[in-house]
Amino acid sequence: MDSEPGVTVVIPCRDEAEALPGVLSAIPVDYRVIVVDNGSTDDTAAVARAAGATVVTESTPGYGSAVHAGIDAARTELVAVLDGDGSLDPRELPRLVAEFGPGVDMVVGGRRAVPGALPLHARIGNWAFAFRLRRRYGLKVHDIAAMRVTRRDRLQALGHLHARSGYPLALLTGAARAGWLVLERDITYRPRTHGESKVSGSWLGTVRAARDFWSVR
């Protein structure tokens with residue numbers, strides 16, 4: 001299907017009912033919003049619908065599965081992806097979208113964390129994988145793209161990349177292999193507004209994510 005003009009924001013979620021209202025209220029009014037409910041046991045879906053978002057249910061657990069479901073449901077030329085926990089500011093999206101000139105395939109946000117927002121073990125892991133991307137693939141990035149905007153047709157051409165936490169890394173390596181022009185711009189990263197991170201909130205979550213990252217080739 002041909003893409004329509006505009007931007008769709010895809011927000012993969014599991015149990016983010018408390019944080020979602022703040023996230024959704026900060027999204028530019030001319031952007032479409034798809035919230036992908038990935039096995040929530042709270043009111044994530046109801047909160048998203050009440051705010052006017054389209055809700056897609058993805059039963060296969062995993063961050064990548066949720067992102068893929070949102071991308072498949074989107075119809076606009078550009079697709080943005082960010083978390084629903086309040087750690088990223090949707091008001092920074094227009095600055096990334098504005099970078100899409102001729103030949104640009106993806107613009108990613110390089111997180112600049114406020115004090116206390118990103119635990120030491122998460123910073124170390126992020127540094128290691130970003131270094132690998134620069135050295136092995138020549139991508140000039142310093143983060144693993146927690147917020148990103150991509151041309152939808154280019155995303156679709158890559159196919160399904162990774163079902164779990166390794167998706168952002170798989171996307172960047174796939175982009176490098178496909179010869180994409182990827183730009184990185186600074187964005188703010190702050191503590192999540194509610195609850196605990198499923199990845200960086202614990203050593204176990206970080207180890208599981210690292211295992212997924214190392215599975216990416």
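Helices (H or I, at least four residues) and strands (E, at least two) are DSSP runs, numbered from the N terminus. The views below show a predicted model, in which local features need pLDDT of at least 70 and side-chain atom pairs count only at pLDDT 80 or more, while totals for chains, interfaces and linings use all residues. Residues are numbered from 1 along each chain as its sequence is written, and side-chain values use heavy atoms, with hydrogens and water left out.

**View 1. Leucine 155 in helix H6.**
Leucine 155 belongs to helix H6, which covers residues 152–158. With a relative accessible area of 7%, leucine 155 is buried, a word that stands for under 20% relative accessible area, whereas exposed stands for over 50% and partly exposed for what lies in between (1.4 Å probe, protein chains only). If residues up to four places away in sequence are not counted, leucine 155 touches Ile71, Val79, Thr150, Tyr167, Leu171 and Trp180, where contact means heavy atoms within 4.5 Å. From C-alpha to C-alpha, leucine 155 and leucine 171 are 8.6 Å apart in space, although 16 residues separate them in sequence.

**View 2. The largest nonpolar core.**
A nonpolar core is a set of buried Ala, Val, Leu, Ile, Met, Phe, Trp, Tyr and Cys residues joined through side-chain atoms within 4.5 Å. The largest one has 34 residues, of which Val9, Ile11, Val35, Leu82, Leu93 and Val149 touch the most other members. Two or more residues each come from several elements, including strand S1 (4–13), helix H1 (20–25), strand S2 (32–37) and helix H2 (44–50), and S1 gives the most, with 4 residues. Not counting residues up to four places away in sequence, valine 35 touches Ile11, Cys13, Leu20, Leu24, Thr44, Ala48, Ala53, Thr54, Val55 and Val56. A second, separate core of 28 residues has Val108, Val141, Ala145 and Trp180 among its members.

Most residues other than glycine have a negative phi. Aspartate 15 is partly exposed, with a relative accessible area of 28%, whereas alanine 145 counts as buried at 0% relative accessibility.

**View 3. Helix H5 packed with helix H7.**
H5 and helix H7 (residues 167–177) pack at an angle of about 10°, and their axes are 11 Å apart; axes are lines fitted to C-alpha atoms, for helices over the stretch in contact, and angles run from 0 to 180 degrees between N-to-C directions. H5 is therefore roughly parallel to H7, as angles under 35 degrees count as roughly parallel, over 145 as roughly antiparallel, 65 to 115 as roughly perpendicular and the rest as oblique. In this contact, Phe129, Arg132, Leu133 and Tyr137 of H5 meet Leu169, Leu172, Thr173, Ala176 and Arg177 of H7.

**View 4. Helix H3 and its buried residues.**
Helix H3, made of residues 63–73, is mostly covered, with 8 of its 11 residues buried. The buried residues in H3 are Gly64, Ser65, Ala66, Val67, His68, Ala69, Gly70 and Ile71. In the chain as a whole, 53% of the 217 residues count as buried.
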